[in-house]
Amino acid sequence: MTRLLPVLLLAALAALPLALGTEPYLLNALITTGILTIGAMSLNLLLGYTGQLSLGHIAFFGIGAYVSALTSLGFDVEIGFGYRVAHEPWPAATGFLLAVAAAGACGWLIGRLSFRVRGAYFVIVTISFAEVVRLVALNWVELTQGPLALTGIPAFTFGLPGLGSWTLRTKLQNYYLVLGVGTLCYALIARMVRSRFGRAMRGLKENEPLALSVGINATRTLTVAAVVSAAMAGAAGSLYAHYLRIIDPDVFLFATTVTMVIMVVGGGKGTLMGPVVGGLIFGLLPVALRPVMAPEAQWIVYGIVLILILFLMPRGIVPGAAALLARGRAPRAGNTILKSRPAVQR
Amino acid sequence: MLEIRDLVCGYGHGTALKGLSIEVKEGQLVALVGANGAGKSTTLRAISGLVPPRSGVIRFSGRDITGAEPRRILAHGIAHCPEGRRVFPQMSVAENLAMGAYLRRDRPGVAADLDRIYGEFPRLAERRHQAAGTLSGGEQQMLAIGRALMARPRLVLFDEPSLGLAPTIVERMFAVIRAIRTAGTTVLLVEQNAFAALELCDHAYLLETGRVVRAGTGSALIADPHVREAYLGG
């Protein structure tokens with residue numbers, strides 16, 4: 001059942017445009033929700049599996065967006081002492097790869113700086129980092145256009161030699177791109193979590209002294225997790241930039257980090273499906289409420305839903321639902337316990 | 001094999017160990033006994049690198065391991081079976097055992113040791129896919145012992161292995177520890193249950209407020225009037 005669920009959900013999401021048609025408002029909501037869900041999945045890798053809360057996760061997302069946009073737009077800026085750096089536009093796909101690399105490098109830097117002490121220190125470093133990056137994006141006008149925004153960002157173009165190339169201009173194409181990248185990230189996280197490295201991450205969260213005593217290098221493990229997490233957030237940012245084709249310093253808004261945290265915690269942190277389920281619910285809830293109530297009322301309902309979920313299922317939707325299912329099967333489980341042998345052997 | 005000289009160790013402003021010296025010879029089962037706060041657990045934590053010593057020397061097989069990182073000390077062959085939260089509660093039994101072999105790269109050797117431990121503790125084999133947190137206290141302790149052995153250590157440190165366990169399980173657990181020693185692994189055991197530990201061990205140290213106050217064979221300490229009065233109930 002738990003193995004089948006992601007496959008069923010993927011099939012449903014892949015078939016969704018066939019059922020809904022290509023209504024632009026709905027597709028747009030699905031795409032932005034999908035992009036944020038990838039961000040939530042990357043946040044879950046840190047928050048859910050290592051227990052480290054990155055409250056500046058949007059920084060990696062925004063860095064991905066800006067790096068990708070600037071790579072594909074080109075720039076010519078003075079970096080001081082009369083030196084100028086000029087860059088000719090490159091394809092958007094190259095921007096995507098550079099965005100992943102740049103965000104990953106920032107994750108490494110933040111991890112190196114803060115994981116010797118961890119905990120609250122990491123939270124503060126990530127918040128400050130996000131704020132610094134936002135201020136740079138706002139004030140380095142020559143590079144980023146500041147509040148005037150970077151416009152005319154090209155869409156993704158994929159080409160195969162001899163077969164021509166496709167430019168992803170329509171919403172439908174972008175929807176499937178986001179779905180593809182999201183699936184890839186999900187598979188990558190699933191593999192990672194079950195590996196030896198994943199055991200090290202979970203061990204540090206569950207019982208740090210014991211994890212150290214079995215030989216886990218805490219700083220290295222957490223730093224690698226931060227790099228992968230940041231790189232994934234950077235990928236999501238790149239998708240965002242080439243889909244909207246315009247970005248401004250508002251991509252660094254703290255509120256977006258909070259949305260991602262809500263998606264992870266509401267869906268169930270430390271589970272593979274948690275951020276996906278949480279992402280879809282909290283991403284699409286405003287869409288579902290829009291036809292029936294005023295915007296002010298929507299946010300109240302949003303808050304009530306969040307409180308109810310956390311009140312009824314404190315560990316999130318996915319673990320909560322799993323516990324409910326297990327309770328349904330309880331009579332059978334009870335029998336196996338009665339049949340098994342007593343606790344003391346020999 | 002293990003030699004500690006004038007070890008001083010503490011947390012914050014307090015000093016838990018005030019110049020402790022002990023020795024563990026290869027193949028022995030050595031016990032540290034004493035009251036709460038005597039410094040028994042701190043000694044083990046200092047050996048395995050979880051608490052940095054302020055001064056003193058810890059040598060293992062002639063190598064100075066004072067203040068080394070826990071994973072280096074484990075790589076030299078010292079495994080620690082800590083008290084309190086002994087397992088990774090949300091991981092399966094199999095994953096907990098795999099954690100014990102985290103630093104080992106010889107897959108066939110690890111697989112063989114896993115089979116051996118499942119053979120020794122059939123209860124763990126039955127529950128290999130179950131979350132460790134759902135096991136009983138005794139089963140969790142067996143799992144913790146199994147995990148320590150998965151590192152294929154030359155010296156195992158046991159910290160209060162009988163704490164919180166039912167008497168029948170305590171007996172079985174001491175039998176397992178004796179079997180580990182018989183199989184050739186050196187054991188350093190910390191126990192509040194002084195009588196059981198003194199009966200089991202080859203050599204023992206009595207700790208009081210961070211210092212060794214008595215040393216000798218287990219039977220010598222059992223016969224010691226001070227030990228009898230303070231720890232064995234007269």
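Visitor: Which residue in strand 7 of chain B does B:Cys81 stand opposite?

Guide: B:Cys81 stands opposite B:Phe158. Strands here are DSSP E runs of at least two residues, and helices are H or I runs of at least four, numbered from the N terminus. This is a predicted model, where local features need pLDDT of at least 70, side-chain atom pairs count only at pLDDT 80 or more, and totals for chains, interfaces and linings use all residues. Residues are numbered from 1 along each chain as its sequence is written, with chains lettered from A and ligands numbered from 1 in the order in which they are written.

Visitor: How many bridges join strand 6 of chain B to strand 7 of chain B?

Guide: Two strands pair if DSSP finds at least two bridges between them. Here there are four, and the two strands run parallel. Strand 7 covers residues 155-159.

Visitor: What is the strand order of the six-stranded sheet in chain B?

Guide: Read 6-7-8-3-9-10 across this open sheet, with mixed pairing. Strand 6 (78-81) and strand 10 (211-217) are the edges, each pairing on one side only. Neighbouring strands are turned by 15° against each other on average, direction ignored.

Visitor: Which strands of this sheet does helix 1 of chain B touch?

Guide: Contact means C-beta atoms, placed from the backbone, within 7 Å. Helix 1 (residues 40-47) packs on the sheet and touches strands 3, 6, 7, 8 and 9 of chain B. For angles, axes are lines fitted to C-alpha atoms, for helices over the stretch in contact, and values run from 0 to 180 degrees between N-to-C directions. Helix 1 makes about 145° with strand 7 of chain B. Helix 7 (residues 167-182) of chain B lies across strands 3, 7 and 8, at about 155° to strand 8.

Visitor: What is the pairing in the four-stranded sheet of chain B?

Guide: Antiparallel, in the order 2-1-4-5, and the sheet is open. Its edges are strand 2 (17-24) and strand 5 (63-64). Strand 1 (residues 2-9) and strand 4 (residues 55-60) share five bridges. B:Glu3 stands opposite B:Arg59 in strand 4.

Visitor: Where does B:Asp6 lie, and is it buried or partly exposed?

Guide: Most residues other than glycine have a negative phi. B:Asp6 has a positive phi, near 50°, and lies in strand 1 of chain B. A residue is buried with 20 or more other C-beta atoms within 10 Å of its own, exposed with 12 or fewer, and partly exposed in between. B:Asp6 is partly exposed because it has 13. B:Ser61 also has a positive phi, near 50°. B:Ser61 sits in the loop between strand 4 and strand 5 of chain B and is partly exposed, with 14 such atoms.

Visitor: Which residues have the most contacts inside the largest nonpolar core?

Guide: In soluble globular proteins, nonpolar side chains tend to be buried together. A nonpolar core is a set of buried Ala, Val, Leu, Ile, Met, Phe, Trp, Tyr and Cys residues joined through C-beta atoms within 7 Å. The largest one has 157 residues, and A:Ala103, B:Ala31 and B:Leu189 have the most contacts inside it. Helix 10 (residues 218-244) of chain A gives the largest share, 16 residues. Among the residues that B:Ala31 touches are B:Leu189, B:Cys201 and B:Gly218.

Visitor: What covers the buried residues of helix 8 of chain A?

Guide: The cover includes helix 9 (208-213) and helix 10 of chain A, together with helix 3 (93-100) of chain B. Among the buried residues of helix 8 (residues 196-206) are A:Arg199, A:Met201 and A:Leu204.

Methods
Two residues are in contact if their C-beta atoms, placed from the backbone, lie within 7 Å. Lists of a residue's contacts leave out its neighbours within four places in sequence.
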